[in-house]
Amino acid sequence: MSEMGLVVVGAAGRMGQVLLRTVHSMAGVRVVGAIERAGSPHLGKDAGELAGIGIINVPISDDPLSAFAKADGVLDFTAPAATIEFAGYAAQARIAHVIGTTGCSPDDDAKIAAAARHATIVKSGNMSLGVNLLSVLVEKAAQALGPDDFDIEIVEMHHRHKVDAPSGTALLLGEAAAEGRKIALAEKSVRVRDGHTGVRETGTIGFAALRGGSVVGEHSVILAGTGERIVMSHLAEDRTIFARGAVKAALWAHGRKPGLYSMRDVLGL
Ligand SMILES: NC(=O)C1=CN([C@@H]2O[C@H](COP(=O)(O)OP(=O)(O)OC[C@H]3O[C@@H](n4cnc5c(N)ncnc54)[C@H](OP(=O)(O)O)[C@@H]3O)[C@@H](O)[C@H]2O)C=CC1
Ligand SMILES: O=C(O)C1=N[C@H](C(=O)O)C[C@H](O)C1
């Protein structure tokens, strides 16, 4: 079978460069396009050279439509406004769209779901195997340990450049806990505490976000009971874990019928 041709959007970003290196190193896939926004100082540069792997003869362009027309899939770790635009183009081209972008609003998610009528979209707040396995364990723990006995708090830390909070992963883990408890996260989450908050409301799921330095991504789900605590953590040490997951998702989505899928679908968890 021929290699799957992938476009990396946001190619000059932190994840974009790791994706370029990862696709270049993996069998069954190759980089056929690299996109940055109009006006980017990186336009015209060779994507491989920018990512430190040598010339691959893929110039960075600001024309996603032309790039998608020649591709089988898109790897997208950019920003919500860009991701919505790319989902529309992926739907027009009827190709796979792997979305790692976080910070999407409910309205953004509705637009992505609409694009998934024609594109095969895999979207996840975290593409790593470890976090997705952790989400299964969190769901089970939250189901087994009821709200009257155990409070659930989710703590995350990321590098100083991150622009959204709570992280996509924290929300994914919160959704897993809510699923385990058969509650709607939106109705039970506590995103901020400040000042005289009053006592903790039973059954809520709390979030705390720390930012600083170069931390790739750290998450802990704490189930706090009386006299004991269970702490389940994932520590990301290298962005390659996200990139490898994204490529795996693209290969899984290639040729699959349009729809909106998760990494748990891809990994069979
Ligand atoms: N799901 C997962 O496993 C992971 C998700 N992420 C998420 O991925 C996203 C990106 O993270 P990161 O790489 O650190 O961020 P960066 O800011 O380093 O990279 C984003 C890149 O996308 C570019 N971009 C933004 N808008 C457009 C556009 N309209 N057209 C083309 N390019 C565009 C940016 O360009 P410019 O600088 O000009 O704006 C930048 O180069 C975040 O939402 C992050 O949370 C990150 C890691 C793992
Ligand atoms: O912005 C990041 O860096 C990361 N974002 C994702 C998130 O919001 O959870 C995944 C990972 O933690 C790194």
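In this predicted model, ligand 1 sits in the largest pocket. A pocket is, on a 1 Å grid over the protein atoms alone, an open set of points where a 1.4 Å probe fits, with protein on both sides within 12 Å along at least five of seven lines; its lining residues have an atom within 4 Å of a point. A molecule sits in one if more than half of its atoms lie within 2 Å of the grid points.

An oxygen atom of ligand 1 lies 2.8 Å from a backbone N or O atom of R14, and a polar side-chain atom of E36 is found 2.7 Å from an oxygen atom of the ligand. The protein covers 78% of the 920 Å² of accessible area that ligand 1 has on its own (Shrake-Rupley method, 1.4 Å probe).

The UniProt record, an unreviewed entry, annotates H159, G168 and T169 as "binding site"; such annotations may be inferred rather than shown by experiment. The lining of the largest pocket includes H159, G168 and T169.

Residues are numbered from 1 along each chain as written, and chains are lettered from A and ligands numbered from 1 in written order. Local features need pLDDT of at least 70, side-chain atom pairs count only at pLDDT 80 or more, totals for chains, interfaces and linings use all residues, and side-chain values use heavy atoms, without hydrogens and water.

Conventions: Polar contact = N/O pair within 3.5 Å; in protein donor to acceptor, adjacent residues only side chain to side chain.
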